[in-house]
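Dear colleague,

I am passing on the structure we spoke about, together with some notes on what I found when going through it. Please look it over with the notes beside you.

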Amino acid sequence: MTVRRATVEDLPALGELWRAFLREVPAPAYEDVDPERELREIAEIVRDEVAFVADGERGEPVGFALARRK
């Protein structure tokens, strides 16, 4: 596994990973999740903040981490 900075080319894979996470760990009933807004936020962070991708042995993204600078 390798960890590298995420790029805008990774956005489709990051969207799929996020959707898979949401299916596995749904948001609480009291939280209203807007998937399109969440995906826009992921894209914004990848472009303007701190974003990393973990690539599996075959080079496919298997995880990611996002952060905002303070």
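Which residues does Ala6 touch, not counting residues up to four places away in sequence? In this predicted model, the residues that Ala6 touches on that count are Leu14, Val46, Ala51, Phe52 and Val53.

Several of these names return in the largest nonpolar core, which has eight residues in all: Ala6, Leu14, Trp18, Leu39, Ile42, Val46, Ala51 and Val53. At least two residues of this core are supplied by each of helix 1 (11–24), helix 2 (35–48) and strand 2, and the largest share, three residues, comes from helix 2. As background, nonpolar side chains in soluble globular proteins tend to be buried together.

Helix 2 deserves a separate paragraph. With 14 residues at 1.5 Å a residue, helix 2 should span 20 Å, and this agrees with its end C-alpha atoms, which are 20 Å apart. The buried residues of helix 2 are Leu39, Ile42, Ala43, Ile45 and Val46, and because they cover an arc of only 160° around the axis, they lie on the same side of helix 2. In general, an α-helix has 3.6 residues a turn, so residues three or four places apart point the same way. The buried residues of helix 2 pack against helix 1, strand 2 and strand 3 (61–67), whereas Arg40 and Arg47, on the other side of helix 2, are exposed.

I also looked at Asp55, which is placed in strand 2 (residues 50–55). Asp55 has a relative accessible area of 7%, and because that is under the 20% limit, this residue counts as buried. The side chains of Asp55 and Arg4 are joined by a polar contact of 2.6 Å. If neighbours within four places in sequence are left aside, Asp55 is in contact with Met1, Thr2, Arg4, Glu60, Pro61 and Val62.

As for the chain as a whole, the protein chain contains two helices and three strands, and from the N terminus on its elements run β-α-α-β-β. The C-alpha trace spans about 35 × 30 × 20 Å along its principal axes, and buried residues make up 24% of the 70 residues. Of the contacts with a separation of 6 or more, 54% are between residues 24 or more positions apart.

On confidence, the protein chain averages a pLDDT of 94, and 100% of the residues score at least 70.

With best wishes

Conventions: Residues are numbered from 1 along each chain as its sequence is written. This is a predicted model: local features need pLDDT of at least 70, side-chain atom pairs count only at pLDDT 80 or more; totals for chains, interfaces and linings use all residues. Side-chain values use heavy atoms; hydrogens and water are left out. Helices (H or I, at least four residues) and strands (E, at least two) are DSSP runs, numbered from the N terminus. Buried means under 20% relative accessible area, exposed over 50%, partly exposed in between (1.4 Å probe, protein chains only). A polar contact is a pair of N or O atoms within 3.5 Å; within protein, one must be able to donate a hydrogen and the other to accept it, and residues adjacent in sequence count only if both atoms are side-chain atoms. Contact means heavy atoms within 4.5 Å. A nonpolar core is a set of buried Ala, Val, Leu, Ile, Met, Phe, Trp, Tyr and Cys residues joined through side-chain atoms within 4.5 Å. The expected span of a helix is 1.5 Å times one less than its number of residues. The arc is that of the directions from the helix axis to the C-beta atoms. pLDDT is the predictor's confidence in each residue, from 0 to 100.
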